[in-house]
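Please consult the sequence and the structure while reading.

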Amino acid sequence: MWTLRDWRPLLLLALIIIFGFSFTRLVVGHYQQKTALLAQQYAAQGDRQLAAHHPAEAVQAYESALAYSPDERHIRLSLGDALIESGYRNEAMAQLHNLWEGRPDDAAVNLKLARLQALARQPELALRFYRNAIEGAWPGRNDQAAANVSVRLEAAEYLISLARREEAETVLIGTEESMPVSSDQQPLLASLFLRNGDAARAQMLYQLLLVRNQHDSDALLGAARANFLAGNYDAARQYLARIRPLSAPAGLLSSELDAIEALDPFAPGATPRSRAQRTISAYQIARHRLDACDLDKVPAATREAANVQWVGLRQWAAQLDPFMNPRKLHGRDDVIESSMRFAFQAELSSNSLCGQPSADDEHLLQLGRQRLGVLQSPGGVR
Amino acid sequence: MNQRSRQVLQDLLATPVRRKYFESLRHMAGPTGVLSIREEQFFLVLAIAIGILAGFVVVCFRIAIGWARLLLLGGGMHPTWPRVVLVPAQTGLVIAYLALRFFPKARGSGINQTKGALYIYDGFIAPATMAGKFLLSALAIGSGQSLGPEDPALQIGAGVASALGRWLRVSRERLRLMAPIGAAAGLAAAFNAPITAVLFVIEEIIGRWSAGILGAIVLSAISSVVVERWFLGDAPLFHVPEYHFSGATELLAFAALGVAGGVASLLFVKLIKNLRPYLRRQPQWTQYLQPALAGGIIGFVAIRYPQPLGAGYEWIDLAMHNRFAWKMLALLAVLKIFTTVLSFATSTPGGLFAPVLFIGAMLGASVGSYEQHLFPYLSVPIGAYALVGMGALFAGIMRAPMTSVFMVLEVSGNYSIILPVMISNSIAYVISRWGQPTPLFDLLSRQDGLDLPSIEEERENTVLHVEDAMRPVQGRALLGDEPLSSARTLVAASPEPYLPVDLGEGRWSVLSREDLLADGLDMSQPVRTIVRNRVPRLFQDQTLEIALRFVEDRHLLPVVNRGNLGMLVGVVSLEDILRAYRRAGVTDMHVQDG
């Protein structure tokens, strides 16, 4: 048994601990104030350098800020931005992944990761992060709804660029439902509907915009495009006519409209005669493109498949050829439709194998895309 | 005691639980009212106090390093070139002067000094040494010398414990043990990792597992970490990316890292082994210039590459997040080896813990980046390589393999990484052992003229067991209940001079031939009537050290089966034990080279 006969040392020890605690608190508090200030200063310096497009200096400043405040998410996020600007994508990705692990529902981090993955041509990963960003939260932001709409629009745009129309449409419809009518993003949403081939929804949104401002030239142009896409050439012309003064894009659209209508037998209001003539024109343009194509210049790897395809197309053309006069086409909607399908398919096949298309070929291709969704039909149009 | 007091006491003792509690209090207070508790219990309370006080001091130490860095090198991670050229060199001069004139024992890392306090100075660490370590290490690390705060914190913690123990006048035996308790607290607070601190102190300072002190070490380490986290927050040292083990191919990649880590460890230790004694052999006046020279060279390196300045934890964090290309990472590892060797060999106060982790992280990340460049399908994050690299270098340089594994686990908080860490660390450890048989800290202590025990050597020692020395009994054991006439017949047929006697219920004794053949014995009486003393029994798996403790002046000890204490397996005598030691050549084991 060991005895401590005097209580005073224990009392003194307790006092020393209390004193030590107070002293350490004072010292640490003072230092932390200083480092917090330094972190703030370096972060601000980083922001300034980044704004001035000096990403390398910004990286150094953010790194210094992080040395004093390693848990500040916004500094790490800014460092990620600076690294992306400096071209250090992998480094940025690692920084952002670290932030993501700390808080997987942070929409800002998910959005940046999605952009990086898109740049790295990793569409599935990019879409995963876009989805996370759409469902995530925006800590420290007051305009959560607006930020969410922006992410949705960006994700939809990315999906459209990947030609994933159905997924893009879902995102766009979701955005339309969550977006206030007065939102500044309405024109962008309408244009995305249009790019995704949904002319009806685009037209509806442009009309809403025109209710707000009937002289909105962008909305008028958009509405014209939507009607053009839907094959309502007259309505498109009416919108174009309301644009004062006529802008260059409007003029271009107007001439495009005339050229394409001249090839479209399905245009509303087309007479039987004009339908037959348009079908014959389209057939001849496609036939010419097919005949002019030199398959010997096609790469050896695809030449055999191209030859097989060409044989099929020529057989198809030979079957249609006897019908190619206005009299025989009169009342033969089935032949007209088959002729247009042939024309679109021939243009599509030639486009990838036979070099630069002429203006007529391009108009025919565009018509095919608009009217039949040729591009979205992997098995062809036959 | 008056009537009223007695009544109060009776009320208090009304239930058994209360009675037990108050009896224990009365027992503690003793008849005279002084605090009278077992020293072991008080020691545990003291361990907590040591942990708290060491925590305060180490937190202040870390803040002091931060302030020194701010004042001397400025706030940024990329100091301006005049500062990096001038500051480490000029501060080196000041440090050398103070160290040589006022704090000679504050030089070096602090680990061997703490070990020396335990094994040579009965736990004594002078307050001046502690103060010197605090001041000079803060100046050195803050001015950019390539050293870390952990080892000095360990010595500072030990100093706090030593001062407290002497002040409270604990027994000499306990005072000796207080140094490692404080050391664990200091290291835990500096590294924010209590398990690592406890294991490191056991592996490196105490040099052996000691159950008696383990509880106190754990308590002090936890207390100091609680203090450290209270003041500095519980953020980890590194933000380690998530890692999931996904296949055996990854293990090959980590094995390659183990090889690289082993080679780098060897390079580091060999450089220190040769440069340190060379610099110490130089004239005394050059000792004043050596830290300044080291600082100057480091400064010139830092004009282009500021990463090796100081402990460098912030750079480790960046390396873990893919901040640098593999060539840059490899260069940083080489530069850090070079600058740390310079700082350490010139006896500048400061530790090796952080530089070793820095080198390991850079090397690991470099190997990882290069492997990913060669084999893009390897999806291991660079942070995982950096982490495993730290463990590999720690195992190779510090030669504390258990600590190295647990350190990585504790720092990462990710148990998926355990297999890569174990593989990599084992390879690095084996390569380091092969190329440099004596561990770094043993090497340093021998260069300083000390011979301190090391756990690695203890591991190498042949441990002999009772089964190595025991021999079978000729015939059988005597039974306590059998008549003496039967025992005499057995003795007559046996060549043994001593025979074990089974007294039943696991109790044993030994009788000599003379005892049994003596005249005047009643042959009808049982053997137990002439048994004078019982003897302890042994088991085959016990060490010969235990057997030696029991054998004393006894002629023979029975070795019995653990499952059946009445079953005699063999016998062992002092001669048998000595013969076993001679056979194993253990008597020559302490003759070793430096």
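Which residue of chain A forms a salt bridge with B:Asp317? The partner is A:Arg76, and the closest N and O atoms of the pair are 3.1 Å apart.

## Basis of the report

This is a predicted model, in which local features need pLDDT of at least 70 and side-chain atom pairs count only at pLDDT 80 or more, while totals for chains, interfaces and linings use all residues. Residues are numbered from 1 along each chain as its sequence is written, chains are lettered from A and ligands numbered from 1 in the order in which they are written, and side-chain values use heavy atoms, with hydrogens and water left out.

## Interface of chains A and B

The contact (heavy atoms within 4.5 Å) takes 44 residues from chain B and 43 residues from chain A. The buried area, meaning the accessible area (1.4 Å probe) that two parts lose on being put together, summed over both, is about 3900 Å² between these chains, and carbon and sulfur atoms give 69% of it.

The count between chain B and chain A is one salt bridge, defined as a side-chain nitrogen of Lys or Arg within 4 Å of a carboxyl oxygen of Asp or Glu. Five residue pairs, both at pLDDT 80 or more, are in polar contact across the interface. A polar contact is a pair of N or O atoms within 3.5 Å; within protein, one must be able to donate a hydrogen and the other to accept it, and residues adjacent in sequence count only if both atoms are side-chain atoms. On the side of chain B that touches chain A, at least two residues each come from β1 (35–37), α3 (39–73), α7 (150–167), α10 (211–232) and α14 (313–320) of chain B. Of the elements on this side, α3(B) gives the most, with 12 residues. Helices (H or I, at least four residues) and strands (E, at least two) are DSSP runs, numbered from the N terminus.

## Two sheets of chain B

Three strands of chain B form an open sheet with mixed pairing, in the order β2-β3-β4. Each of β2 (478–479) and β4 (507–512) of chain B stands at an edge with a single partner strand, so one side of each is left without a neighbour in the sheet. Two strands pair if DSSP finds at least two bridges between them. Over two bridges, β2(B) pairs in the parallel sense with β3 (residues 498–504) of chain B, and B:Leu478 stands opposite B:Val501 in β3(B). The pairing of β3(B) with β4(B) is antiparallel and runs over six bridges; here the bridge partner of B:Val501 is B:Ser509 in β4(B). The hairpin of β3(B) and β4(B) has two residues between the strands, and B:Glu505 takes a positive phi near 55° there. Because five of its seven residues are buried, β3(B) is largely enclosed by the rest of the structure.

A further open sheet of three strands has the order β5-β6-β7 in chain B, again with mixed pairing. Strand β6 (residues 557–560) of chain B pairs with β7(B) in the antiparallel sense over four bridges, with B:Val559 opposite B:Gly570 in β7(B).

## Two buried residues

B:Arg399 occupies the loop between α17 (382–398) and α18 (401–412) of chain B. With a relative accessible area of 4%, B:Arg399 is buried; buried means under 20% relative accessible area, exposed over 50%, and partly exposed in between (1.4 Å probe, protein chains only). A polar atom of the B:Arg399 side chain lies 2.9 Å from the backbone oxygen of B:Gln436.

B:Thr339, in helix α15 (residues 326–345) of chain B, is buried at 0% relative accessibility. Leaving aside neighbours within four places in sequence, B:Thr339 is in contact with B:Ser146, B:Ile298 and B:Pro308.

## Salt bridges within the chains

Over all chains the count comes to 36 salt bridges. One of them joins B:Arg172 and B:Asp122 (2.7 Å, N to O). This pair links distant parts of the chain, 50 residues apart: B:Arg172 is in helix α8 (residues 172–191) of chain B, and B:Asp122 is in the loop between α5 (111–119) and α6 (127–142) of chain B. B:Arg172 is exposed, at 58% relative accessible area.

Another salt bridge joins B:Asp576 and B:Arg579, with the closest N and O atoms 3.1 Å apart. Both residues lie in helix α26 (residues 574–584) of chain B, three residues apart, about one turn of the helix. B:Asp576 is buried at 3%, whereas B:Arg579 is partly exposed at 40%. In chain A, a network of salt bridges links A:Glu169, A:Glu176, A:Asp198 and A:Arg201.
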